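Reader: I should like to work through this model feature by feature. Please give the general idea in each case, and then the reading here.

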Amino acid sequence: MKRDMRAMKKGRVIAVAGKGGTGKTAIAALLIRELLRSRAQEEICVLAVDADPDSNLPEALGISYAKTVGDIREALLEEKQRDAALDIWSQFEGKIAEIIVEEEHYDLLVMGRPEGPGCYCPVNHIIRMLIDTLTKNYDYTVIDCEAGLEHLSRRTTRDVDLMLVVLDMTLKSLKTALRLKQIAEELHVDVTKLLTIANKIPPGAETMLRAEASQYGLEIEEVIPFDAVIQDYDFKGIPLVKLPDDAPSVIAVRRIAERIK
Ligand SMILES: Nc1ncnc2c1ncn2[C@@H]1O[C@H](COP(=O)(O)OP(=O)(O)OP(=O)(O)O)[C@@H](O)[C@H]1O
Ligand SMILES: [Mg+2]
């Protein structure tokens with residue numbers, strides 16, 4: 001995608017979080033597709049960020065990548081060890097721009113290996129600053145987060161406009177969704193809005209799930225049905241962005257895209 005750096009962009013950041021296997025990657029990929037489809041006339045710019053160290057957003061989007069932000073960080077830190085005078089900060093921005101995969105309608109950035117726990121390495125601070133700046137060049141940035149809660153404590157996804165919290169028909173994922181909400185409140189995370197989404201819901205199970213969730217004080221705001229076509233595509237290795245327009249999961253994600261301003 002050719003980014004026009006001069007034009008004013010919305011700079012909206014949307015993170016997709018939740019327990020492992022709940023469907024974060026599928027939802028992130030379909031959301032990118034629906035944002036682009038519904039706003040085709042506006043010619044919006046979208047940045048896809050794969051923030052899961054076990055990256056699979058590129059596969060869901062059907063594109064490949066060569067290097068991650070983690071690779072750049074490691075290489076620059078190694079260089080710095082050999083040459084203490086090296087000013088790595090000045091090199092970062094250009095290097096990140098080099099590894100962004102430019103597709104026709106959107107760009108992709110793969111984060112790769114995360115910083116270690118309790119790592120106060122200033123490089124990570126620089127990375128966050130660069131990503132903050134980068135997102136301002138796009139109308140929407142969609143971040144596919146790693147499973148669980150770590151990304152919140154590492155601050156990689158703390159300042160987002162909307163966090164989609166995904167759960168499925170398991171109590172464990174419901175509890176992770178609750179923890180995500182609580183941590184966001186405790187850390188005073190600057191998340192303007194959380195949207196709780198139940199995914200992979202079989203026919204007739206919605207009422208039961210809503211009742212269970214409400215016992216924990218959690219309101220489910222969107223439901224994406226169990227969609228056999230997603231499983232079929234994933235099994236055959238077909239990118240999920242190629243799902244038919246009338247697939248039940250696509251229709252449900254379209255509703256979520258419509259909620260996003
Ligand atoms: N609506 C759906 N209907 C049926 N299957 C689904 C649906 N959404 C996702 N799946 C399936 O659930 C599995 C997990 O989906 P996905 O990889 O998107 O989850 P994830 O939360 O990103 O997982 P991870 O935490 O491992 O990154 C996949 O096999 C996918 O095909
Ligand atoms: Mg995933």
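Author: Let us begin with the polar contacts of the ligand. In this predicted model, a polar side-chain atom of Asn199 is placed 2.9 Å from a nitrogen atom of ligand 1.

Reader: Which other residues make polar contacts with a nitrogen atom of ligand 1?

Author: A polar contact requires a pair of N or O atoms within 3.5 Å. A polar backbone atom of Asp227 lies 2.7 Å from a nitrogen atom of ligand 1, and an N or O atom in the side chain of Gln231 lies 3.1 Å from a nitrogen atom of the ligand. On its own, ligand 1 has 630 Å² of accessible area, and the protein covers 82% of that.

Reader: How many residues surround ligand 1, and which are the closest?

Author: There are 19 residues around ligand 1, and the closest are Lys24, Thr25, Ala26, Asp227 and Asp234.

Reader: Let us turn to salt bridges. How many are counted here?

Author: The criterion is a side-chain nitrogen of Lys or Arg within 4 Å of a carboxyl oxygen of Asp or Glu. The count comes to 13 salt bridges. One of them joins the side chains of Arg12 and Asp161, at 3.9 Å from N to O. That pair connects distant parts of the chain, 149 residues apart: Arg12 is in strand β1 (residues 12–18), and Asp161 is in the loop between α6 (150–153) and β6 (162–167).

Reader: Are Arg12 and Asp161 buried or exposed, or partly exposed?

Author: Arg12 is partly exposed, at 27% relative accessibility. Asp161 is partly exposed as well, with a relative accessible area of 21%. The cut-off matters for such values, because buried means under 20%.

Reader: Which parts of the chain does the salt bridge between Asp245 and Arg33 tie together?

Author: The side chains of Asp245 and Arg33 meet at 2.6 Å, N to O. Asp245 is partly exposed, with a relative accessible area of 46%, whereas Arg33 counts as buried at 12%.

Reader: Where do the partners Arg255 and Glu222 lie?

Author: Their side chains form a salt bridge of 3.0 Å, N to O. Arg255 lies in helix α10 and Glu222 in strand β8 (residues 222–225), so the pair ties together parts that are 33 residues apart in sequence. Arg255 is partly exposed at 37% relative accessibility, and Glu222 is buried at 8%. Separately, salt bridges with shared partners join Arg33, Glu34, Arg37, Asp245 and Arg254 into one network.

Reader: How is the span of helix α7 checked, and which residues in α7 are buried?

Author: The expected span is 1.5 Å times one less than the number of residues. Helix α7 (residues 171–186) has 16 residues and should therefore span 22 Å; its end C-alpha atoms are 22 Å apart, which agrees. Among the buried residues in α7 are Ser173, Leu174, Leu180 and Ile183.

Reader: What do the totals for the chain say?

Author: The secondary structure comprises 10 helices and eight strands. Of the 261 residues of the chain, 50% count as buried. Among contacts with a separation of 6 or more, 79% come from residues 24 or more positions apart. The accessible surface of the chain is about 13100 Å², with 52% belonging to carbon and sulfur atoms.

How values were computed: Residues numbered from 1 in each chain as written. Chains lettered and ligands numbered in written order. Predicted model: local features only at pLDDT ≥ 70, side-chain atom pairs only at ≥ 80, totals over all residues. Heavy atoms only, no water. Helix = DSSP H or I, 4+ residues; strand = E, 2+ residues; numbered from the N terminus. Buried < 20%, exposed > 50% of the residue type's maximum accessible area, 1.4 Å probe, protein only. Near = heavy atom within 4 Å. Polar contact = N/O pair within 3.5 Å; in protein donor to acceptor, adjacent residues only side chain to side chain. Areas by Shrake-Rupley, 256 points an atom, 1.4 Å probe, with all protein chains shown as cover. Contact = heavy atoms within 4.5 Å.
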